[in-house]
Amino acid sequence: MRPLPGALGVAAAAALWLLLLLLPRTRADEHEHTYQDKEEVVLWMNTVGPYHNRQETYKYFSLPFCVGSKKSISHYHETLGEALQGVELEFSGLDIKFKDDVMPATYCEIDLDKEKRDAFVYAIKNHYWYQMYIDDLPIWGIVGEADENGEDYYLWTYKKLEIGFNGNRIVDVNLTSEGKVKLVPNTKIQMSYSIHWFSIFNSFMMVIFLVGLVSMILMRTLRKDYARYSKEEEMDDMDRDLGDEYGWKQVHGDVFRPSSHPLIFSSLIGSGCQIFAVSLIVIIVAMIEDLYTERGSMLSTAIFVYAATSPVNGYFGGSLYARQGGRRWIKQMFIGAFLIPAMVCGTAFFINFIAIYYHASRAIPFGTMVAVCCICFFVILPLNLVGTILGRNLSGQPNFPCRVNAVPRPIPEKKWFMEPAVIVCLGGILPFGSIFIEMYFIFTSFWAYKIYYVYGFMMLVLVILCIVTVCVTIVCTYFLLNAEDYRWQWTSFLSAASTAIYVYMYSFYYYFFKTKMYGLFQTSFYFGYMAVFSTALGIMCGAIGYMGTSAFVRKIYTNVKID
């Protein structure tokens, strides 16, 4: 039996439509994720809906938003998967070109009558937020906000887009909503936008260039030192006594002397190694599992990984404490196990009291507090004990390349800029510069309506941070030892940990210029948790800096001949 002509036509049309959807585009656009300079970039409007119910979504233009002046585009974005999911993207009308900055400009105007105002007020009352796409990267923004009394309602009218690119690809997009305008019937509201493009790759290349330059200079300097020390070895005793010996070789009998306060120092190193392990594992898991798609999954994963990696803390902290001659290893184990949990829980409990007083939804239930305490005592502490025992037995014996003198060598006077305090303050500048761009996006994901999803980029930033931190602390330690000051352990740790000071200083800028927070609860919540984040970052950087510097110190004193 022959199919009917009408059926043939419908089947052919459906097949042709499916083929057009599946065929690759020859033009460079978001389907291929590559662009040429000044090429068209499309901002697609997706959905709008309540923040607390992500399944309830409507078309973006179901709210009385206006459309930009640009009417036509060179291509349209729809794939078979999107069609099956019911995703229907609509063109925003904004004129955006690749690598072309746009100064603040009005793109349309809303004629606000009573019906449109009621629609916006309903959306604001129900905490509506909207989703957009640029180059298949999702962007979230909030519709508006109400005042403290819930009487007046405001619409965000200014979209500030910051787009990061690497070569001919877009790698990150951030939206900041500004321009709060009160909703008053029978008025006109102007909608505006601006776009700033910045190259992420260039920033990384600058950091890599600086690290390479510093490493090359340091290697040439060390070669000269080795040549000078070899020449001194060929002199007889009389010439050597009359010669002017100086430099890092002179402190070989004190350079491996235990640090001051070894119990606290080894606990900080162990905690920093654990934080690094947690960061690395969580980023890898996030890259594989897309943790940002489920509410609370990132925090749950971080808590589980932190508890599971407790042996890392015990191993590195316990072995270092044993090598430095520490005898109160049980006390060191307790301090190392509870250093970070006590800081986090103490801050959280303090903020929780304020949240309870203000009847805020951020208040942590009592049962959750008990669960966290049980994890600390029944999971973290036993695993830390296992790691400490392994560390003391496997790598707790001191095997320094130089023997330590019984009497400490006096530290000579030096110029003010070679003092440990000055080195510590300056040591964190370059590591902070290497993560400055990423800090903005992380802060935005913490404190704004944006979900962080570029974890491959975060992995790259973590690697660069480690490299920069190690290089900086090695240079700082070399200068200190060359000035015949052997107090390098704490200096290497603190010079790297000072990165946290610059991150916390940046948090002040972000609070006053990028957020709309106010009041005791919001202020204490923000600065309390930023202090925890900055401190944890500082401890991690300090541990990374010390471990790299320790290997460097051991290497240079192994390669030089000591009488």
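The model is predicted, so local features need pLDDT of at least 70 and side-chain atom pairs count only at pLDDT 80 or more, while totals for chains, interfaces and linings use all residues. Residues are numbered from 1 along each chain as its sequence is written, and side-chain values use heavy atoms, with hydrogens and water left out.

**Exercise 1. Find the disulfide and describe its geometry.**

Step 1: Look for cysteine sulfur atoms within 2.5 Å of each other, which is the criterion for a disulfide. Searching the whole structure gives 1 disulfide.

Step 2: Name the partners. They are C66 and C108, with an S to S distance of 1.8 Å.

Step 3: C66 sits in the loop between β3 (58–59) and α2 (80–85) and C108 in strand β6 (residues 102–112), so the bond ties together parts that are 42 residues apart in sequence.

Step 4: Check the handedness. The torsion about the S-S bond of C66 and C108 is about 60°, so the disulfide is right-handed.

**Exercise 2. Work out how strand β8 is paired and covered.**

Step 1: Find the partner, given that two strands pair if DSSP finds at least two bridges between them. Strand β7 (residues 128–134) pairs with β8 in the antiparallel sense over 6 bridges, and Y133 stands opposite P138 in β8.

Step 2: Inspect the turn. The two strands form a hairpin with 2 residues between them, and D135 in the turn has a positive phi of about 55°.

Step 3: Count the cover. In β8 (residues 137–142), 6 of 6 residues are buried. One side carries L137, I139 and G141, the other P138, W140 and I142.

**Exercise 3. Describe the surroundings of Q332.**

Step 1: Locate Q332 in helix α9 (residues 329–357). Its relative accessible area is 2%, so Q332 is buried.

Step 2: List contacts, meaning heavy atoms within 4.5 Å. Not counting residues up to four places away in sequence, Q332 touches L263, S266, S267, G317, G318, Y321 and T388.

Key. Helix = DSSP H or I, 4+ residues; strand = E, 2+ residues; numbered from the N terminus. Buried < 20%, exposed > 50% of the residue type's maximum accessible area, 1.4 Å probe, protein only.
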